[in-house]
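Q: I have just opened this one and would like a walk through it. Could you take me around, a piece at a time?

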Amino acid sequence: MAGVTAPPSRPMLGGFLTRATGTGPGTGSRWARLAGDHRGLLFVAPFILFFLAFMLAPVGYAIYTSLFTSKLIGGTRFSWFANYSQVLTSGEFWAGVERVLVFWVIQVPVTLALAFFFAVIFDLGLAKLGRFFRLVFFLPFAVPAVVASVMWSFLLVPDFGPYARLAAALGFRGTNYFSPGLILPTVIVIVVWEFTGYNMIILYTALKAVPKDVLYAAAIDGAPLWKVILKVKLPMIRPAVVMLIFLNTIGALQLFTEPMILATFQPQAISFGFTPTIFVYNTSIGNGEYNLGAAAAVVLGLVIFAISVGSRAFFRRKREAA
Amino acid sequence: MLSTTAVTAVTVGALAACGGGTASQAAAPASSTTTSAASAASKSSSCTPGATPLTFWGWAPGYQQVVDEFNKTHPDICVTLEDNGAGVAEYTKLTAALHAGAGTPDVAEVEYLELPSLEIVNGLVNLVPYGADAYKSDIVPFAWGQVSQGSAVYSMPGDIGPMAFYYNTSLLSKYHITPPTTWAQFAADAAALHKADPSAYLANFDPVETQWLYALMQEAGVFPFKYSGGTNVTIDFTGSAQMAFANYWQSLISAGDINHTSDFSPIFWKNLDSGVDASWLNAAWSPADMAPNLSKTSGDWRAAALPQESASSDVAGSWGGSTFAVVKGTKYPKQAAEFAEWYGGSMASWKILSSPAAGAFPGYTPLLNSSSLTNATIPLSGTSKPNQVFSSTAAHVASIQWPPFMTEALTEGQSVFAGVLNGTETVPQAFQAYQSALVSYAQAQGFTVSQ
């Protein structure tokens, strides 16, 4: 296009500024163009500062700390990667990583499957008092994780708690939900209870945004209901599902609050490195070995980063193939 | 990073149930065994303007009343009490503040076992120049030994936890058992009781409550640590005496003659109240914890001396207890020392500290040996006078030396002994694991370790 037109990417405010200073569009003074181009930066500046100060700086400090070793006798010395080799050879740490991976592989699909199931039911309008029940299902998410864990600790008390008595009534006498065999399923149940409602609301909203004409077309084609749900609706809310897998994964790999609170009531149920974050906490706070804890935190961060980047690449490739 | 962990630590500390304080034992830091409250900073209202301001970090119940009393009777000093968590939660903050060189209180409540850890980083002020030695004759000897290092005194002893055999007399007499005087007799009685009633046990054994385990080892003469400052430390959980101790308790567990549930848990209280556990090897402050949790057996409980290794020995153990230390960096060491010494060494303070609201058991001998304490009765013990036993054992508590890494030892202990509670590990195996964990930690920290 010939003519003196403003470049399409110039923000409106920048255009205003050049008009205000009396210079024409496209020929604006360097000053005006700089001011216009950096307006966007001003808007994101608060977040950038927050991000730098509270996200990047601590990570940098952790990496820095992990390269030293502090001893009660001998003070602090630069020790290169000694802490990392200690963490990488620590059976306790890797047992925690393995446990959290098992937790992830079970908790995320179960949560999302349940959330999708209920979202579909609400979307189809099958439930009377839909709004009321949506609120009820969402309530566990509104309960802080600490409070939820305290509550579940009382509900699951061996022998005397209601769930232990229920198990006994069903024939499973002496069920101890905090025994080494049952502690991980117990934590999974608590976390699924906490987060299904939240995931359900997101999927429900996404389902509501599915264009009706697609559904009418499927109905006209004579597709059965289950096919409509799984082959039409589910693919159409794919972006929401992928986002939720992402969020749930990061949350699952950082599992901390629920086992820590359970440990307050049942200290023998949660080991030193039950999850990697608990390992970091116990190493740093319990043992005062902040350097080793920092190294463990960095390793954990890298593991989570690798899984996140890997799954994004996986989904992107899937989308391109589709 | 530190603020998040501090918030978590405060949260965990704030969840400590009033039933004994072990609630802040997350898989990590064990807390003080004296009961804990979760109030935030409290401002003393009875301060005169111009008074010297002091900050006091403490968690045990009843402290605000004691602080108020001090402020009333010492108008030139104004103390503010702050609850920064119980036990390790507070020590973490204290160590961090000392490291940073800012934010330390003037006086802090510190359990006996944590004192060497603070002494080694030079975090405490020697009280001898501020007249501490004058109180030596008023403090029970073992407590004075634990706050001293060489000729210096680093803290003012507060409460203590001498241990006794606290038993349900109606249950024991039902099976014609008298309180055992030796551990061999204890084992025989445990077997007899369990045989007569397979649903009952003579006592509970919870090594995850590691401070309790240390007190038992102290009583049995097999305390595993030796440390008197410097870089040398002895750690010995696997010596012949220690393994004999471990094997003794394992034999009771293997035979099923002893219970192993978590101390202070709801099941634990239920067991004591319903005749499942016939006794609790507990400390002088424990009946105050038991009282709100028991109802059916109220009036049945009696105190007797713990069994001994042999009929002629007379050694006691002490579980828990706190001291009051002046922290380095205080602007007013003289006034802080005056406060700490008054807190642990005056009848005015102990009148409140030993009241039901606070429930602390004194290391302060004028009260410890007084008839008002020894003749006191509590509903839990009917007409008997349990303090006569607790008070007399206090004089026989064995002197021990804590190493300067108790936070780590207690954290590790919870993990290492969990298997014993779960039934997946024997006590000797746990002792071996504990030994190697502690030795590698101490060596990594630069200590010269003897085993």
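This is a predicted model: local features need pLDDT of at least 70, side-chain atom pairs count only at pLDDT 80 or more; totals for chains, interfaces and linings use all residues.

Q: OK, and which face of β9(B) is covered, and which is uncovered?

A: Strand β9, which spans residues 232-235 of chain B, has Val233(B) and Ile235(B) on its covered face, while Asn232(B) and Thr234(B) make up the uncovered one.

Q: In what sense does β8(B) pair with β9(B)?

A: Strand β8 (residues 225-226) of chain B pairs with β9(B) in the antiparallel sense, and two bridges hold that pairing. Phe225(B) is the residue that stands opposite Ile235(B) in β9(B).

Q: How many residues lie between β8(B) and β9(B) in the hairpin?

A: There are five residues between the two strands of that hairpin, and Gly229(B), which sits in the turn, has a positive phi of about 90 degrees.

Q: Switching topic: what is the strand order in the five-strand sheet of chain B?

A: The order is β2-β1-β3-β12-β6 (chain B), in an open sheet whose pairing is mixed. At its edges are β2 (77-82) and β6 (156-157) of chain B, each of which pairs on one side only.

Q: What joins β6(B) to β12(B)?

A: Two bridges join β6(B) to strand β12 (residues 322-326) of chain B, and these strands run antiparallel. Pro157(B) stands opposite Thr323(B) in β12(B).

Q: Which helix lies across those strands?

A: That is helix α12 (residues 333-345) of chain B, which lies across β1 (52-57), β2, β3 (107-111), β6 and β12 of chain B and runs at about 165 degrees to β12(B).

Q: And the three-strand sheet, what is the order there?

A: The order is β10-β7-β11 (chain B), again in an open sheet, and here the pairing is antiparallel. Because β10 (279-283) and β11 (301-304) of chain B stand at the edges with a single partner strand each, one side of each is left without a neighbour in the sheet. From one strand to the next, the twist averages 30 degrees.

Q: How many bridges join β7(B) to β11(B)?

A: Four bridges join strand β7 (residues 163-168) of chain B to β11(B), with the two running antiparallel. One detail to look for is Tyr167(B), whose bridge partner in β11(B) is Arg302(B).

Q: Now helices: at what angle do α9(B) and α18(B) pack?

A: Helix α9 (residues 240-254) and helix α18 (residues 427-444), both of chain B, pack at an angle of about 140 degrees, and their axes are 8 Å apart. On the α9(B) side the contact is made by Gln242(B), Met243(B), Ala246(B), Asn247(B), Trp249(B) and Gln250(B), and on the α18(B) side by Val427(B), Pro428(B) and Phe431(B). Taken by class, the residues in this contact are six nonpolar and three polar, with no charged residues.

Q: What about chain A, how many helices and strands does it have?

A: Chain A has 15 helices and two strands. It is 322 residues in length, and 32% of those count as buried. Among its contacts between residues at least 6 apart in sequence, 62% join residues at least 24 apart.

Q: Into which domains is chain A divided?

A: The division is into domain 1 (12-81) and domain 2 (84-321), and the C-alpha centres of these two domains lie 34 Å apart. Each side of their contact is made of eight residues. On the side of domain 1 that touches domain 2, the elements giving two or more residues are α3 and β1 (68-71) of chain A, and α3(A) gives the most, with four residues. That side divides into four nonpolar and four polar residues, with no charged ones.

Q: Last one: how many residues does each chain give to the contact of A with B?

A: Chain A gives 32 residues and chain B gives 35 residues. On the chain A side, the elements that give two or more residues are α3 (39-66), α7 (145-155), α13 (257-265) and α14 (276-286) of chain A. The largest share of that side comes from α14(A), with six residues. By class, the chain A side has 19 nonpolar, 11 polar and two charged residues.

Methods
Residues are numbered from 1 along each chain as its sequence is written. Chains are lettered from A and ligands numbered from 1 in the order in which they are written. Two residues are in contact if their C-beta atoms, placed from the backbone, lie within 7 Å. Ala, Val, Leu, Ile, Met, Phe, Trp, Tyr, Cys and Pro count as nonpolar, Asp, Glu, Lys and Arg as charged, and the others, Gly among them, as polar. Axes are lines fitted to C-alpha atoms, for helices over the stretch in contact, and angles run from 0 to 180 degrees between N-to-C directions. Two strands pair if DSSP finds at least two bridges between them. Domain bounds come from an automatic or database domain assignment. A residue is buried if 20 or more other C-beta atoms lie within 10 Å of its own, exposed if 12 or fewer, and partly exposed in between; C-beta atoms are placed from the backbone.
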